Amino acid sequence: RVITHMLEKFIYELEKQGLSKSTIDSYLFDINQFYEWSQKKNLDNQISKENLNKYILFLNSMYNENTVLRKIKSIIRYNKFLYHSGESILKIEVNEIMKIPKKKGVMKIIEINDLIRIRQVILECNNKRDILIFHLIVATGCRVSELINMELDDIEIINASKGFIRLNNFKSSNIPKGRKIEVTEDLIKIINEYLEVRPVNQSNKLLIGQQGPLTRDAINKMF
């Protein structure tokens with residue numbers, strides 16, 4: 001990640017507002033991703049309506065609508081910070097840029113470099129639950145619905161190097177219900193590390209947040 005002088009000031013402002021480290025890291029990732037894209041396209045580093053509209057089309061080919069909106073809001077928030085700091089003459093509002101095109105039934109693929117960067121951000125936050133979520137998705141190819149419905153009983157760890165996860169899909173008729181997938185030794189270690197710090201909760205769901213079992217919206221905000 002590239003941390004410029006203004007980004008350092010932006011981070012300090014976010015910290016003063018009480019934002020968590022993981023949220024601040026997400027802002028940094030989104031902002032740096034925009035600037036990297038601008039450089040690859042030989043555009044100036046100006047956060048403008050024109051550049052943001054082009055960027056939306058780029059993001060829409062890889063991410064879902066909620067993720068695109070979150071990334072654009074991150075950049076616009078930084079733009080407002082630059083404007084109020086006297087570093088930009090432009091102040092852009094979300095309603096001033098194009099609406100995010102909706103695409104139904106199209107699988108979006110994340111490039112390997114983006115996947116590596118996402119993993120790095122999550123590892124730096126050192127949140128055992130989020131680390132597990134990322135590796136479960138990558139290792140099993142599970143859907144969000146399967147992820148949030150995963151229960152403690154669906155985890156079968158035989159020993160330090162052998163275990164299984166049962167994925168239950170309740171919506172798709174094309175995917176067998178109760179798929180059993182063997183997991184790697186590394187994933188077993190990550191599961192155990194999370195279980196050691198998993199919040200005590202009446203729910204049997206595997207993934208627990210501050211307000212109980214994680215929802216689809218909570219997972220979407222991560223990616």
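Q: If a disulfide is a pair of cysteine sulfur atoms within 2.5 Å, how many of them does the structure hold?
A: Keep in mind that this is a predicted model, so the answer comes from the predicted coordinates. A disulfide would be a covalent bond between the sulfur atoms of two cysteines. With the cut-off at 2.5 Å, the number of disulfides in the structure is zero.

Q: Is Cys142 buried or exposed?
A: Buried means under 20% relative accessible area. Cys125 has 21%, so it counts as partly exposed. Cys142 has a relative accessible area of 8%, so it falls under the cut-off and is buried.

Q: Which helix has the highest mean pLDDT among the elements of the chain?
A: Across the chain the mean pLDDT is 83, with 87% of the residues at 70 or more. Where pLDDT is low, the predicted coordinates should not be read in detail. The lowest mean among the elements, 75, belongs to helix H5 (residues 112–125), while the highest, 93, belongs to helix H8.

Q: How far does helix H6 reach from its first C-alpha to its last?
A: Helix H6 runs over residues 128–140, which makes 13 residues. At 1.5 Å a residue, a span of 18 Å is expected. The model comes out close to that, at 18 Å.

Q: Which residue has a backbone nitrogen within 3.0 Å of a side-chain oxygen of Asn127?
A: Look at the two ends of H6. Just after the helix, Gly141 takes a positive phi of about 70°. At the start, the side-chain oxygen of Asn127 reaches over to the backbone nitrogen of Arg129.

Q: Where is His135 found, and is this residue buried or exposed?
A: His135 sits in helix H6. Several residues of that helix are buried, including Ile131, Leu132 and Phe134.

Q: Why do the rings of Phe10 and Tyr27 count as edge-to-face?
A: A search of the whole structure finds 10 aromatic pairs, among them this one. The ring centres of Phe10 and Tyr27 are 6.0 Å apart, which puts them within the 6.5 Å pairing limit. Planes over 60 degrees apart count as edge-to-face, and here the angle is 85°.

Q: How many residues apart in sequence are the parts that the Phe10 and Tyr27 pair ties together?
A: Both Phe10 and Tyr27 are buried. Phe10 lies in helix H1 (residues 5–16) and Tyr27 in helix H2 (residues 21–40). The separation in sequence is 17 residues.

Q: Which helix holds Tyr55, the partner of Phe34?
A: Phe34 and Tyr55 form an edge-to-face pair, 5.1 Å centre to centre with 80° between the planes. Both are buried, and they belong to one aromatic cluster along with Tyr35, Trp37 and Phe58. The two are 21 residues apart, with Phe34 in helix H2 and Tyr55 in helix H3.

Q: What is the C-alpha separation of Ile47 and Leu82?
A: Ile47 is in the loop between H2 and H3, yet at 4% relative accessibility it counts as buried. Among the residues it touches are Phe34, Tyr35, Tyr78 and Leu82. Ile47 and Leu82 are 35 residues apart along the chain, while their C-alpha atoms are separated by 9.8 Å.

Q: What is the relative accessible area of Asn42?
A: Most residues other than glycine have a negative phi. Asn42, in the loop between H2 and H3, has a positive one of about 55°. Asn126, in the loop between H5 and H6, also has a positive phi, near 60°, and counts as partly exposed at 48%. Asn42 is exposed, with a relative accessible area of 70%.

Q: How far is the C-alpha atom of Lys205 from that of Asp154?
A: Lys205 is placed in the loop between H8 and strand E4. The residues it touches include Ile148, Glu151, Arg198 and Pro213. Asp154 is 51 residues away along the chain, and the C-alpha separation is 9.4 Å.

How values were computed: Residues are numbered from 1 along each chain as its sequence is written. Side-chain values use heavy atoms; hydrogens and water are left out. pLDDT is the predictor's confidence in each residue, from 0 to 100. Helices (H or I, at least four residues) and strands (E, at least two) are DSSP runs, numbered from the N terminus. The expected span of a helix is 1.5 Å times one less than its number of residues. Buried means under 20% relative accessible area, exposed over 50%, partly exposed in between (1.4 Å probe, protein chains only). A polar contact is a pair of N or O atoms within 3.5 Å; within protein, one must be able to donate a hydrogen and the other to accept it, and residues adjacent in sequence count only if both atoms are side-chain atoms. Contact means heavy atoms within 4.5 Å. Rings of Phe, Tyr and Trp (its six-membered ring) pair if their centres lie within 6.5 Å; planes under 30 degrees apart count as stacked, over 60 as edge-to-face and the rest as tilted. Lists of a residue's contacts leave out its neighbours within four places in sequence.
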